[in-house]
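Subject: Structure for you to look at, with notes

Dear colleague,

Here is the structure I said I would pass on, with the sequence alongside. My notes follow below it, and I would be glad if you read them with the model open.

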Amino acid sequence: MSIRIGDTAPNFKAKTSIGDIDFYEFLGDSWGVIFSHPADYTPVCTTELGRTASLKGEFEKRDVKVIALSVDSVESHKGWIQDINETQDTNVEFPIIADEDKKVADLYDMIHPNASETLTVRSLFVISPDKKVKLMLTYPASTGRNFTEVLRVIDSLQLTAKYSVATPADWKDGDDVVVMNSIKTEDIPAKFPKGHQVIKPYLRTTPQPNK
């Protein structure tokens with residue numbers, strides 16, 4: 001099964017490090033991040049989960065629930081979490097799915113046979129409150145993810161979901177944004193009273209509207 005941006009994120013039931021969950025019930029009305037790891041007790045994954053735990057406040061501020069996945073067991077996860085907390089000086093509280101039968105990995109196309117027939121690649125999905133897939137990132141097993149970028153993209157997704165804007169290259173929260181081409185230039189002042197700049201007829205910018 002192949003998932004694309006805009007698709008409905010598949011629901012599932014699974015065993016996790018904090019007990020059995022229904023994915024949709026776990027998310028509730030929040031945004032969600034689900035991300036996979038090749039295996040427990042691996043060095044890059046240890047740093048990734050530690051970094052995610054240290055960003056707990058940042059995810060909560062954005063109303064984002066985080067859940068990780070590995071094809072190892074719940075008991076393996078619990079032992080690994082102790083190592084993560086010790087080595088990364090943090091406290092992992094979000095659940096890690098025990099996907100021993102690879103059911104969730106198959107649902108989300110997290111196993112790429114040319115990379116490994118048994119281990120998941122570093123896949124990450126951002127899911128909106130209406131359960132739509134809004135972002136997909138896939139890294140090879142050897143490269144750890146940039147979680148500052150994950151937060152930046154979530155900021156963009158949440159902003160553009162509410163306003164008729166897009167975010168330009170290297171945008172970060174607080175920067176000017178691009179007015180969508182669906183809005184006529186003469187209609188911009190009414191929608192964006194903070195002002196705007198016409199660089200080209202198709203490229204109009206305005207201060208971030210929710211700042």
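Before the notes, one term: two residues are said to be in contact when heavy atoms of theirs lie within 4.5 Å. Please also keep in mind throughout that this is a predicted model.

Serine 73 is found in the loop between E4 and H4, and it is partly exposed, with a relative accessible area of 22%. Its C-alpha atom lies 5.0 Å from that of alanine 98, although the two residues are 25 apart in sequence.

Turning to the protein as a whole, its secondary structure comes to 7 helices and 11 strands, and its C-alpha atoms fill a box of roughly 60 × 35 × 30 Å along the principal axes. It is divided into domain 1, residues 7-154, and domain 2, residues 163-206, and the C-alpha centres of these two domains are 34 Å apart. Of the 211 residues, 46% are buried, and among the contacts with a separation of 6 or more, 63% are between residues 24 or more positions apart.

The UniProt record, which is an unreviewed entry, lists Cys45 under "active site", and the annotation may be inferred rather than shown by experiment. In the model, cysteine 45 lies in helix H2, residues 43-54, and it is buried, with a relative accessible area of 0%. Leaving aside neighbours within four places in sequence, cysteine 45 is in contact with His37, Pro38, Ala39, Trp80 and Arg122.

In soluble globular proteins, nonpolar side chains tend to be buried together.

Phenylalanine 59, not counting residues up to four places away in sequence, touches Val33, Thr52, Val64, Val66, Leu151 and Ile154. Isoleucine 67, in strand E4, counts as buried at 0% relative accessibility, and, with neighbours within four places in sequence left aside, it is in contact with Ile21, Phe23, Phe26, Val33, Ile34, Phe35, Pro95 and Ile97.

The aromatic rings deserve a separate look, as the count comes to 5 aromatic pairs. In one of them, phenylalanine 12 and phenylalanine 23 are stacked, at 4.6 Å centre to centre and with 10° between the planes. Phenylalanine 12 lies in the segment before strand E1 (13-16) and phenylalanine 23 in helix H1 (residues 23-27), so this pair ties together parts that are 11 residues apart in sequence. Phenylalanine 12 counts as buried at 4% relative accessibility, and phenylalanine 23 is buried as well, at 1%. Another pair, phenylalanine 35 and phenylalanine 94, is tilted, at 6.3 Å centre to centre and with 45° between the planes. Because phenylalanine 35 lies in strand E3 (residues 31-36) and phenylalanine 94 in the loop between helix H4 (74-88) and strand E5 (96-98), the pair ties together parts that are 59 residues apart in sequence. Phenylalanine 35 is buried at 0% relative accessibility, and phenylalanine 94 is buried at 12%. Phe12, Phe23, Tyr108 and Phe125 form one aromatic cluster.

Lysine 65 lies over the face of phenylalanine 26, at 5.9 Å from the ring centre, while the charged end of lysine 131 sits over the ring of tyrosine 24, 5.5 Å from its centre.

Note on methods:
Residues numbered from 1 in each chain as written. Predicted model: local features only at pLDDT ≥ 70, side-chain atom pairs only at ≥ 80, totals over all residues. Heavy atoms only, no water. Helix = DSSP H or I, 4+ residues; strand = E, 2+ residues; numbered from the N terminus. Buried < 20%, exposed > 50% of the residue type's maximum accessible area, 1.4 Å probe, protein only. Domains from an automatic or database assignment. Phe/Tyr/Trp six-rings, centres within 6.5 Å; stacked < 30°, edge-to-face > 60°. Lys NZ or Arg CZ within 6 Å of the ring centre and 35° of its normal.
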